[in-house]
Amino acid sequence: MADAQTNNTQSSVEILFTDLGNLFRDDRAAPQEGMDMKYRAALRGFLDRPTDSEESNRDVSLIRDVATRVVVLREGLHIAFIEGLLDIILRSPGVHWGQNQYRYLARARWIVCGRIEGLLGRRTRGHLRNLNAMPNRVTMSLICSYCGERNIARLCDGCCVRGKDQNFTVSNGYCSRRCQAADWPNHREACKALRLLKRTVSLMVTLFLVAEDQASCLNPISCHKVKEVFMIREESQLVEAMQGKYFVHPFPRHKFATTRGTMMAIGDQIARDLMDQIHPLKVWLWNGLLCKHVEEVSILVKNTDHPIVRSKPDGRKESTALRPHRLFRVTLKTGERYAVDITGSRFGWDEWLVRWDDYKKCRVWRVLSVVPSSFEAPDYSRLPPVNTIPVAVSELHGELIRRMTSEIQYRWGLGATQGGIVADLSANYSRWWDGVILKTMKCGWMYANEKFEPRITVNEEEFNRVKDAWLTVRQVDLLDNTNTALLQRIWTLRLDFHGIKFKIPGPTNSEMLQGITALADPEPDPTQDMQGAQDTDMQDVEESEEAEDMENAVEARPRL
């Protein structure tokens, strides 16, 4: 009987993974809409089949829970399904796995761990020696740019882009000084354009690193490697909101054991918080200067070094290898195309400026979309409320970047070189904006609204009313931070106790920017109203008695 139940369980799961099909082929070329339809149909069929005997199997119970949560989503079903099964994917295969289940989960593990295919396009076995930088035999010139000789002895120092560990991500090589001098009339324009692009991208990367290092909203509990991924466990923002903490703080470098892990986490946080603030930098540095056109490219990556997996407070996991990665494809006026990957450090990559063909060969698994990047101001009419955490962080970073840009332009006006500004910015940024960053950083406190969602307040009235409901550190330590329902119940009781209500509907973005509070007017205390009425009645009685005494005194007075 037990064997029959086991066979039924295996057959039910095997049907599911058979219906899901070839994950490798779908990840390579299948359209998003088609994958969503296929996954929704397969998961519904799995949930509709009777699985009474499967509840004794821990893996199958997890698959059923994930399928129940994923099937109701509108899009991205395959990403959510794989992320929900990461606990199964990252451990050793189970003895009870069927052939289709084993094949699907093995391919999912290969995807989550970075799609390590080989830097030259060849499928390789085992772990590659260095995934952080593309090899010189791919990025460097193998023949002389003038005569075609295969003996490279010199590089153009003006336009070559150096990476780490003696790697060159962009170079123009020659066999001799004579060939370099003879090719200079043809190379002059391209060298000047690439030199300007290299400087502007270096300035962008430095600005973003400083902004994220000084004003970050990442608050990790632990950071460690699990198999071939880098796991970051995040603390709930709701716990911080119940204490009224500042919504940004310096990046927690002390939570990371290695420098590379720190830079990967900073790069991933920049991709989440700062990429929407790149528009003013594009207009300032690229518009009309050297670019023929700029395109924003969304890709799926390959050959990553320990991609990041974020463990959310509610138990969900997010994999950077599964989700699209954004970068820019810049076409110079000379016709050369370059990949500008400002946040490539989130995958452990050292290069941020590479020729597009080399980048596509070594880093791109699949191009999802290519959108022309406009230099016109974006439309902000459909933004969420300004007191939400992501929008508040974005506005804060935008303000920091504007301040840094103004300071750089001022120093340029005084004759400072761009290389000197970038070096001073990286080493002595606290001396530049002593007090400015702290003043901008400590401009908002977190709280939770009636729906138990983290919000930001910069309004003094809101701060004075909400601060009474905040918990102390000792009170938070006594609570179970993983029990969201209990935390929400406690917060609701504290809001009711202090009489804190919220407007329904809340104020619009323009009203919030004008300083209008999201809190409703406090309701009058009925006990105080009753006490006030009693005091009024007593005062009326006393006044009437005093008037009577005066009349009696007048009547008793002798007449003249």
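Trainee: In which helix is the place of H78?

Mentor: In this predicted model, H78 has its place in helix α5.

Trainee: Is H78 buried or exposed?

Mentor: Burial is read from relative accessibility, with under 20% counting as buried, and H78, at 8%, therefore falls in the buried class. Once its neighbours within four places in sequence are set aside, H78 is in contact with Q32, M35 and Y39.

Trainee: How do the axes of helix α4 and helix α5 cross?

Mentor: The axes of α4 (residues 58-70) and α5 (residues 77-84) come within 9 Å and cross at roughly 150 degrees. Because angles over 145 degrees count as roughly antiparallel, α4 is roughly antiparallel to α5. The crossing of α4 past α5 is right-handed. On the α4 side the contact is made by L62, V66, R69 and V70, and on the α5 side by L77, A80, F81 and G84; sorted by class, these comprise 6 nonpolar, 1 polar and 1 charged residues.

Trainee: Which residues have the most contacts inside the largest nonpolar core?

Mentor: As a general idea, nonpolar side chains in soluble globular proteins tend to be buried together. Here the largest nonpolar core has 53 residues, and those with the most contacts inside it are L197, F208, F256, W286, F328, V330 and V340. Several elements each supply at least two residues of this core, among them the helices α11 (259-273) and α14 (389-413) and the strands β7 (291-301) and β10 (325-332), while α9 gives the most, with 12 residues. A second, separate core of 37 residues includes L43, I82, A108 and V229.

Terms used:
Residues numbered from 1 in each chain as written. Predicted model: local features only at pLDDT ≥ 70, side-chain atom pairs only at ≥ 80, totals over all residues. Heavy atoms only, no water. Core = buried A, V, L, I, M, F, W, Y, C linked by side-chain atoms within 4.5 Å. Buried < 20%, exposed > 50% of the residue type's maximum accessible area, 1.4 Å probe, protein only. Helix = DSSP H or I, 4+ residues; strand = E, 2+ residues; numbered from the N terminus. Axes fitted to C-alpha atoms, helices over the stretch in contact; angles between N-to-C directions. Parallel < 35°, antiparallel > 145°, perpendicular 65-115°, else oblique. Left-handed = near helix turned anticlockwise from the far one by under 90°. Contact = heavy atoms within 4.5 Å. Nonpolar A, V, L, I, M, F, W, Y, C, P; charged D, E, K, R; others polar.
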